[in-house]
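Let's take a walk through a protein model together, one piece at a time.

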2 protein chains.
Amino acid sequence: MNESGLCLSGTVVADSQTVVHDGAVAVEGSEIVAVGAREDVLERYPDFPEQSYDVLVPGVVGGHIHSVQSLGRGIADDAELLDWLFDHVLPMEASLSAEEMRAAAELGYLEMIESGTTTCIDHLSVSHADEAFEAAGELGIRGVLGKVMMDKDSPDGLQEDTEEALAETERLVQKYHGSFDDRIRYAVTPRFAVSCTEECLRGSRRIADEYDGVRIHTHASENQDEIATVEAETGMRNVEWLHEVGLTGEDVVLAHCVWTDEREREILAETGTHVTYCPSSNMKLASGVAPIVDYLDRGINVALGNDGPPCNNTLDPFTEMRQASLLQKVEALDPETVPAEEIFEMATVNGARAAGFDRLGKLKEGWRADVVGLSTDVTRATPIHDVLSHLVFAARGDDVEFTMVDGEVLQQEGTVTVADAEEIRSRAAEFAEQYTPEDAPVAGSAD
Amino acid sequence: MNESGLCLSGTVVADSQTVVHDGAVAVEGSEIVAVGAREDVLERYPDFPEQSYDVLVPGVVGGHIHSVQSLGRGIADDAELLDWLFDHVLPMEASLSAEEMRAAAELGYLEMIESGTTTCIDHLSVSHADEAFEAAGELGIRGVLGKVMMDKDSPDGLQEDTEEALAETERLVQKYHGSFDDRIRYAVTPRFAVSCTEECLRGSRRIADEYDGVRIHTHASENQDEIATVEAETGMRNVEWLHEVGLTGEDVVLAHCVWTDEREREILAETGTHVTYCPSSNMKLASGVAPIVDYLDRGINVALGNDGPPCNNTLDPFTEMRQASLLQKVEALDPETVPAEEIFEMATVNGARAAGFDRLGKLKEGWRADVVGLSTDVTRATPIHDVLSHLVFAARGDDVEFTMVDGEVLQQEGTVTVADAEEIRSRAAEFAEQYTPEDAPVAGSAD
């Protein structure tokens with residue numbers, strides 16, 4: 001941590017309503033101690049060294065991420081959904097050794113750190129979850145991570161015994177929840193209702209209630225087949241079923257919620273359940289368009305997520321902001337729908353609420369020092385009429401040059417300082433070779 | 001031109017079906033003279049110096065671009081469509097001086113050259129079109145450009161007399177069509193049916209027929225209000241009306257075509273009219289989802305375009321490829337819809353067909369030497385399972401490091417060699433200041 005303090009100067013986008021041109025953010029330890037006009041902040045903290053970036057923003061919160069799917073980036077592009085999941089993504093997850101899981105997690109966290117995500121609500125895999133917790137802890141990202149549980153109708157290598165799944169979850173909660181200076185927390189993570197027994201789902205609620213601050217993170221109502229399966233088995237719609245078994249509430253994050261009916265939306269609103277909108281994933285997997293405008297109208301807290309590299313194909317949070325707004329606009333046939341301010345809130349404060357970290361998602365005195373700095377020295381950023389809308393519609397993760405989490409500098413002047421990025425990439429690329437699909441286009445002569 | 005020859009080596013994506021790993025492209029003068037395995041190509045051209053890039057692809061063709069709207073990037077984000085057009089974009093176009101038009105055009109061409117677009121079908125403005133022609137010619141991009149004609153119901157500063165609009169068009173055709181070694185060609189460019197009289201539209205066809213190789217480029221059926229207006233005036237649907245006045249055919253490029261009925265689609269197919277799909281623009285302006293799958297099924301040639309910076313907000317052709325596929329997938333609720341190969345064809349060969357340049361859009365012996373080189377040394381490109389799908393789903397214009405048009409190197413190792421990029425950006429930013437909307441968020445203190 002910056003025990004000695006640091007002043008970050010530039011155009012400060014403190015939150016969706018507050019832009020300070022020629023501003024600064026002072027950080028001491030793991031906290032922001034001042035935000036305001038550069039002159040004032042530097043006067044208050046004259047001994048703090050100064051670093052300048054064109055634009056400073058709160059670190060982005062990835063509200064639904066699969067970091068450990070990173071080795072499968074592009075593994076099944078353009079594939080039919082069930083083939084995508086059962087022939088490619090799940091077998092890949094099942095086959096990962098501890099060492100490969102570590103490499104996959106590091107690749108995911110590296111991409112997030114480089115491109116401006118400072119907190120992730122991260123859906124791991126069934127096995128080797130310790131590897132991801134250790135990687136996140138060591139690389140310095142903030143996260144709410146959880147080992148996946150699958151105790152029903154799951155492929156070989158992933159299918160677990162219910163008791164063992166819950167016991168392993170509890171072991172990990174005890175080991176990692178609140179670890180690394182409380183930067184890393186736990187989310188009990190049943191995969192989705194289709195692959196979890198009632199006992200597993202109810203057990204998830206029991207564990208979350210037993211440990212203070214532990215959250216619940218699962219997929220819900222991403223596509224219509226999933227809903228039909230749950231309905232056939234339980235007689236209830238997916239979110240109704242999750243509600244029935246205790247998996248709604250202010251400590252629950254449901255990814256997707258593309259297909260929900262009136263009653264389910266009432267449940268989400270009444271229980272304070274958080275929804276994570278994953279527009280690129282919903283488009284690429286052709287799941288559908290989530291009714292985000294309606295959720296926001298009902299006061300449901302909506303976060304934003306990239307999902308995993310096999311369905312995105314990147315973890316770039318700025319491209320995701322752009323996508324989030326554009327998809328809602330074309331769906332509503334109304335260009336005023338979900339403007340930049342609302343998107344920026346989804347990607348920052350709303351995500352922080354979903355993750356359960358207080359004092360997170362704005363640049364504000366007394367708040368946690370998760371700060372990202374971007375360059376605007378690119379043609380794409382010329383001119384900038386409104387910095388907030390630039391961030392949502394034109395910026396890219398590629399513009400991020402500075403990343404700080406909990407007062408710790410993870411990236412500076414475009415270079416990740418907490419790890420050897422080149423080494424992480426080459427190790428990951430090596431492990432990933434085994435997943436290259438056999439029907440990939442064969443190299444040939446172009447003559 | 002490279003009279004002395006050049007060998008470009010790397011993974012060569014010659015077209016949507018042909019990938020040569022450890023390949024090379026040899027260029028002499030303005031032509032590709034060899035494509036194949038690196039070893040073979042270097043053996044054939046031992047005297048050519050070699051430059052290596054991770055991936056080499058055909059230059060992208062921007063099938064519908066407004067380069068001169070670049071000063072208005074982000075000028076009216078999240079605005080209602082008619083406000084966007086009549087309160088912001090058209091007044092900006094109307095107000096541009098010759099010097100500002102030049103700065104705007106240079107900014108647009110710079111962004112395209114930097115991010116991989118080597119040919120643009122470019123919709124200029126009513127006045128000062130010479131400035132854009134000169135800028136395109138000097139910066140080295142390939143283009144089919146046209147002065148916009150607006151002789152009906154148009155705002156002050158844009159409304160023209162019909163005769164004068166057609167006469168000015170003919171003057172520009174004579175001056176610029178086939179100029180700069182035939183790298184720059186002309187497209188007669190009535191803005192759209194709403195703002196052009198029948199005389200102007202029929203005059204467009206007459207000019208295009210009179211000059212060999214001149215094309216016609218206009219907007220068509222982008223949104224439903226436009227169609228209702230045309231129908232009220234002519235008793236015909238928009239594309240039917242354009243067909244009636246002669247603006248369909250193999251030399252015609254219609255941007256958007258979001259809303260067309262069965263008869264209009266038959267007309268497009270029967271006449272060989274080209275359609276440019278602009279997914280980001282159609283999303284941001286909430287125009288709708290163009291029926292691209294149906295167009296492709298009918299054999300209509302579909303190109304891809306970024307439209308203008310006020311409605312995109314970038315000219316990044318790789319983000320546009322991603323968007324093009326993702327939007328069709330979610331619309332069809334089918335993840336196999338419009339796969340990477342088809343998108344890559346839209347962005348290259350289909351665009352070249354629309355632009356009317358033969359031997360363009362593939363890396364092929366005897367074809368024009370428009371070549372782009374990308375880096376894959378980024379986390380976002382790790383791993384790559386299939387290079388073609390990487391280009392469509394994960395690559396960004398930011399990855400482009402090399403750009404060649406007609407055998408001329410415009411960008412090398414990430415630096416534009418034909419202009420001072422920094423100077424173009426700062427001049428553009430200065431001119432753009434006057435367009436900052438008055439209701440932009442006011443800078444304030446975040447305390």
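Is B:Phe180 buried, partly exposed or exposed? B:Phe180 counts as partly exposed, because it has 18 C-beta neighbours inside 10 Å. Keep in mind that this is a predicted model.

B:Phe180 belongs to helix H6 of chain B, which covers residues 179–182. Its phi is near 50°, a positive value in a residue other than glycine.

Now look at chain A, where A:Asp181 sits in helix H6 (residues 179–182). A:Asp181 is not a glycine either, and its phi is positive too, near 55°. With 12 C-beta neighbours inside 10 Å, A:Asp181 counts as exposed, since the cut-off for that class is 12 or fewer.

## How the two chains meet

Next, zoom out to see both chains. Chain B can be superposed on chain A by a rotation of 180°, with 0.0 Å of shift along the axis and an RMSD of 0.0 Å. The two copies are therefore related as by a two-fold rotation axis. Which residue of chain B comes closest to that axis? That is B:Asp398, whose C-alpha lies 3.7 Å from the rotation axis.

Where the chains touch, 77 residues of chain B are in contact with 78 residues of chain A. The chain B side of this contact has 41 nonpolar, 17 polar and 19 charged residues. The copies meet through the same surface, because 100% of the interface residues of chain B are also interface residues in chain A.

## Two domains in chain A

The domain assignment gives domain 1 as 2–58 + 361–424 and domain 2 as 60–355. Notice that domain 1 is written as two stretches of the chain. The centres of the two domains, taken over C-alpha atoms, are separated by 27 Å. Their contact takes 27 residues from domain 1 and 33 residues from domain 2.

Which elements build the domain 1 side of this contact? Helix H15 (387–393), strand S15 (400–405), strand S16 and helix H16 (421–432) of chain A each supply at least two residues. H15(A) gives the largest share, five residues. By class, the domain 1 side divides into 15 nonpolar, six polar and six charged residues.

## A pair of packed helices

Now find helix H3 (residues 98–115) and helix H4 (residues 129–139) of chain A. They pack at an angle of about 35°, and their axes are 8 Å apart. The crossing of H3(A) and H4(A) is right-handed. On the H3(A) side, the residues in contact include A:Met101, A:Tyr109 and A:Ile113, while those from H4(A) include A:Ala132, A:Ala135 and A:Leu139. The contact has nine nonpolar, no polar and three charged residues.

H4(A) has several buried residues, among them A:Phe133, A:Ala136 and A:Leu139. The buried residues of H4(A) pack against H3, strand S7 (142–146), helix H5 (162–176) and strand S9 (184–190) of chain A.

A:Phe318 is in helix H13 (residues 317–332) of chain A. A:Phe318 counts as buried because it has 26 C-beta neighbours inside 10 Å. Leaving out residues up to four places away in sequence, A:Phe318 touches A:Gly116, A:Leu391, A:Ala395, A:Arg396 and A:Gly397. Its C-alpha is 9.9 Å from that of A:Asn306, twelve residues apart along the chain.

A:Glu413 lies in the loop between strand S16 (408–412) and strand S17 (415–416) of chain A. With 11 C-beta neighbours inside 10 Å, A:Glu413 counts as exposed. The C-alpha atoms of A:Glu413 and A:Thr379 are 19 Å apart, and the two residues are 34 residues apart along the chain.

## Two cis peptide bonds

Finish with two peptide bonds. One, in chain A, joins A:Asn312 and A:Asn313; it is cis, with omega about 10°. A:Asn313 is in the loop between strand S13 (302–304) and H13 of chain A.

In chain B, the peptide bond from B:Thr382 to B:Pro383 is cis, with omega near -10°. Look for B:Pro383 in the loop between strand S14 (371–374) and helix H15 (387–393) of chain B.

Conventions
Residues numbered from 1 in each chain as written. Chains lettered and ligands numbered in written order. Predicted model: local features only at pLDDT ≥ 70, side-chain atom pairs only at ≥ 80, totals over all residues. Axes fitted to C-alpha atoms, helices over the stretch in contact; angles between N-to-C directions. Helix = DSSP H or I, 4+ residues; strand = E, 2+ residues; numbered from the N terminus. Left-handed = near helix turned anticlockwise from the far one by under 90°. Contact = placed C-beta atoms within 7 Å. Nonpolar A, V, L, I, M, F, W, Y, C, P; charged D, E, K, R; others polar. Buried ≥ 20, exposed ≤ 12 C-beta atoms within 10 Å, placed from the backbone. Domains from an automatic or database assignment. Least-squares fit on C-alpha atoms with pLDDT ≥ 70 in both.
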